Amino acid sequence: MSETKSLFAPAEPDVGTDADGELERLRTERDFWRNLFDQLVAEFPESVVVVNDEGTITHWNDPIVELIGATEAEAVGNQAIDIVGTEGVEETLAEKVARTGEPVREDRIRSGKTDGDNWHVRAAGVPLLTPDGDSIGAFEYVSSVTELVEQRKELEHIQESISETVEGAVEELLEAAETNAETTEEVDALAEEQVENLVDVRNEMESLSATVEEISASAEEVSSQSEIAAELADESKDATAEIVSMIDEVRGATDTLSENSRELEKRVREIDKVVDVIDQIADETNLLAVNANIQAAQVDAGAEGFAVVADEVKELADQSKEEVGTIEDIVDHVRENTTETIDSVEATIERVDVAIERARSVDDKQSEIKSAVGEATTGIEQIAGATDDQAATAEEVATMLGTSVEQTEDVAAEIETLAETNAKQTEEIRAVREEVRALESDL
């Protein structure tokens, strides 16, 4: 301490004055102000360091001991930069103030660590000037802002956390709002499309209802026609039965005709035999007539009558011969006709048999047709009843679809309102984010 340049060195007394008395007064005044200064430094509530114009520490109070960790004995008499210097800094604030003679109040906060505890300070310094205005040192006091800085850091941490949370929430809300907007647009489009589809379906159902009613009427008409068809089927079956009976009668007549034709063929063969006999008789008669003429020629004139008779017999034999030829031609023709008749009768019998089979098949088919018509009538009656029910149901569905169209239109209107509300909410969310950012900036 004795080697440190004092800030309160005694002034030289003027020549011609009472040197001892003036010197005593100056020493007293010096001691007074030095004691005041020492007391000020010691009792100053903030950390204080005082340096002379050479940067040597002359004063060091208890608060700065706690802050820096160096005792007064360790600090006083040493260069301030060596005791309180910061890495990368060539002079302390007190040294700067003593050098420049200008007061300084730092805006920045100095931070450090002592015994593992963080500390934060803000320094200010004023020069110590002589009456002539020369700087002979500097008074630096350090305000501890550790609690304030830690609170501020904690506040900044909380504010950052809140900002991140709010920002994340806002982003999520915005994304949700945008997604909701997109979904709302899609739902709105779907709702409009659904309305159009429902309108089309309603129109189709109305058309279907009318068609079903027409089908029902047609089914009733068909049912009536089916009843008529059933009656006609009965009549047709009766007519078919009569045809079968008539064909059976024709079959019997044909059989009789066949028997008669064969009997005729037999008689023709007998006639043919008789004709052969007559032909032989005619030949023999002719031969006898010739012999008679020969005999008549051999006898006298009295035999002329016999010759005439012989000629007549010969002429009669020739005529018989001619008639026999004619009979043979007729018999041949009858034989041919009889043969053709027999063939025709046999063919007719075969066709009649086929006709009988077909008539019976028609009769069977008529029975099947009658049964089918009966079933069709029953089915058509059921269809008519079902179409009546379906027509009523279609009318109910058309009514329900009309109600659904109205409700879907209301939904579409609500969706548009929801989209407008969502847009307003999105703007409000953005406004909240801006307010939070503004608040963050203010903090």
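Threonine 71 touches Trp60 and Val65, with residues up to four places away in sequence not counted; contact here means heavy atoms within 4.5 Å. The model is predicted, so local features need pLDDT of at least 70 and side-chain atom pairs count only at pLDDT 80 or more, while totals for chains, interfaces and linings use all residues. Residues are numbered from 1 along each chain as its sequence is written, and side-chain values use heavy atoms, with hydrogens and water left out.

Threonine 71 lies in the loop between helix H2 (62-68) and helix H3 (72-75). Helices (H or I, at least four residues) and strands (E, at least two) are DSSP runs, numbered from the N terminus. Threonine 71 counts as partly exposed because its relative accessibility is 36%. The classes are buried (under 20% relative accessible area), exposed (over 50%) and partly exposed (in between), with a 1.4 Å probe and protein chains only. Threonine 71 and tryptophan 60 are 11 residues apart in sequence. Their C-alpha atoms are 8.0 Å apart.

The protein chain holds 7 helices and 6 strands. Their order from the N terminus is α-β-β-α-α-α-α-β-β-β-β-α-α. Of the 443 residues in the protein chain, 26% are buried. Among contacts with a separation of 6 or more, 64% come from residues 24 or more positions apart. The accessible surface of the protein chain is about 28,800 Å², and carbon and sulfur atoms own 52% of that surface. Accessible areas come from the Shrake-Rupley method with a 1.4 Å probe; for residues, only the protein chains shown count as cover.

Helix H1 has 25 residues, which should span 36 Å at 1.5 Å a residue. The expected span is 1.5 Å times one less than the number of residues. The end C-alpha atoms of H1 are 35 Å apart, so the two values agree. Leu26, Phe37 and Val41 are buried in H1. The buried residues of H1 pack against strand E1 (47-52), strand E2 (57-60), E5 and E6. Tryptophan 33 is also found in H1 (residues 19-43). Tryptophan 33 is partly exposed because its relative accessibility is 47%. Phe32, Trp33 and Leu36 make a nonpolar surface patch of about 310 Å². Patches are made of residues with over 30% relative accessible area and no salt bridge; like charges are joined within 9 Å, nonpolar side chains (Val, Leu, Ile, Met, Phe, Trp, Tyr) within 5 Å. A salt bridge is a side-chain nitrogen of Lys or Arg within 4 Å of a carboxyl oxygen of Asp or Glu.

Strand E5 (residues 117-129) pairs with strand E3 (residues 104-105) in the antiparallel sense over 2 bridges. Two strands pair if DSSP finds at least two bridges between them. E5 also runs antiparallel to strand E6 (residues 135-144), joined by 9 bridges. Glycine 125 of E5 is the bridge partner of valine 104. In E6, the partner of glycine 125 is glutamate 140. The hairpin of E5 and E6 has 5 residues between the strands. There, glycine 133 takes a positive phi near 90°.

Helix H5 (residues 93-100) has Leu93, Ala94, Glu95, Val97 and Ala98 buried. Glycine 101 follows H5 with a positive phi near 75°.

Arginine 358 lies in helix H7 (residues 304-442). Arginine 358 is exposed because its relative accessible area is 59%. Arginine 358 and valine 244 are 114 residues apart in sequence. In space they are 9.1 Å apart, C-alpha to C-alpha.
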